[in-house]
Amino acid sequence: MTDQTYCDRLVQDTPFLTVQGRLSEQQVDRIILQLNRYYPQILTNKEAEKFRNPKVSLRLRLCDLLSHLQRSGERDCQEFYRALYIHAQPLHSCLPSRHVLRPMSFLAGLGLAAGLALFLYCCPPDPKVLPGARRILGFSPVIIDRHVSRYLLAFLADDFRAL
């Protein structure tokens, strides 16, 4: 499996980045100025002026900038992410492309949860043999992903009602 390119990431992150109020006008201006001053081959002076025009809404300017970068190529998208990290680090860490589940880790977690659920369903711990086993299993979802823990807690709650 190949990793996402920066252009792919930008396509995925654009809806998130263009939400009203997510990036301030000052942050967008700093990003544009960094791309223009340090990398004039990415944004020319004319392009930078266009993307910084206060007569146009911030959202529209940001959409235009992101589209321009996507058309420009991989290196330009990578430099945008570098500028975003410098000028909006908290937002950079919340980007959807940074939190994509890798298929193998998802399948491994799903297999573990399914195996544990099947084991508990087929071989419930005997309270006489393992006292407190249900309580220990009740706390195990804290370690497991929150989506899986809902189902495990529901199973344990049904099991407790049977006692």
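When I speak of a contact this morning, I mean heavy atoms within 4.5 Å of each other. The structure above is a predicted model, in which local features need pLDDT of at least 70 and side-chain atom pairs count only at pLDDT 80 or more, while totals for chains, interfaces and linings use all residues. Residues are numbered from 1 along each chain as its sequence is written, and side-chain values use heavy atoms, with hydrogens and water left out.

Let me begin with the overall picture. The protein chain has nine helices and zero strands, where helices (H or I, at least four residues) and strands (E, at least two) are DSSP runs numbered from the N terminus. Of its 163 residues, 33% count as buried, and by buried I mean under 20% relative accessible area, with exposed being over 50% and partly exposed in between, for a 1.4 Å probe and protein chains only. The chain exposes about 10,900 Å², of which carbon and sulfur atoms supply 61%; these areas come from the Shrake-Rupley method with a 1.4 Å probe, and for residues only the protein chains shown count as cover. Among the contacts with a separation of 6 or more, 63% are accounted for by residues 24 or more positions apart.

Now to the helix packing. The axes of H1, residues 6–17, and H4, residues 58–72, come within 10 Å and cross at roughly 175°; axes here are lines fitted to C-alpha atoms, for helices over the stretch in contact, and angles run from 0 to 180 degrees between N-to-C directions. That makes H1 roughly antiparallel to H4, given that angles under 35 degrees count as roughly parallel, over 145 as roughly antiparallel, 65 to 115 as roughly perpendicular and the rest as oblique. H1 contributes Cys-7, Leu-10, Val-11, Thr-14 and Leu-17 to this contact, and H4 contributes Leu-62, Leu-66, Leu-69 and Gln-70.

How do H4 and H5 pack? Their axes are 6 Å apart, at an angle of about 135°, and the two helices are therefore oblique to each other. On the H4 side the residues are Leu-66, Leu-69, Gln-70 and Ser-72, and these meet Asp-76, Cys-77 and Phe-80 in H5. By class, this contact has four nonpolar, two polar and one charged residues, where Ala, Val, Leu, Ile, Met, Phe, Trp, Tyr, Cys and Pro count as nonpolar, Asp, Glu, Lys and Arg as charged, and the others, Gly among them, as polar.

Phe-80, placed in helix H5, is buried with a relative accessible area of 1%. Leaving aside neighbours within four places in sequence, Phe-80 is in contact with Leu-10, Leu-17, Ile-31, Leu-35, Leu-66 and Leu-69. Phe-80 and Ile-31 are 49 residues apart in sequence, yet 7.3 Å apart in space, C-alpha to C-alpha.

Asp-29, in helix H2, counts as buried at 15% relative accessibility, and, not counting residues up to four places away in sequence, Asp-29 touches Arg-52 and Arg-61. His-92, in helix H6, is buried with a relative accessible area of 8%, and its contacts beyond four places in sequence include Arg-9, Tyr-81 and Arg-98.
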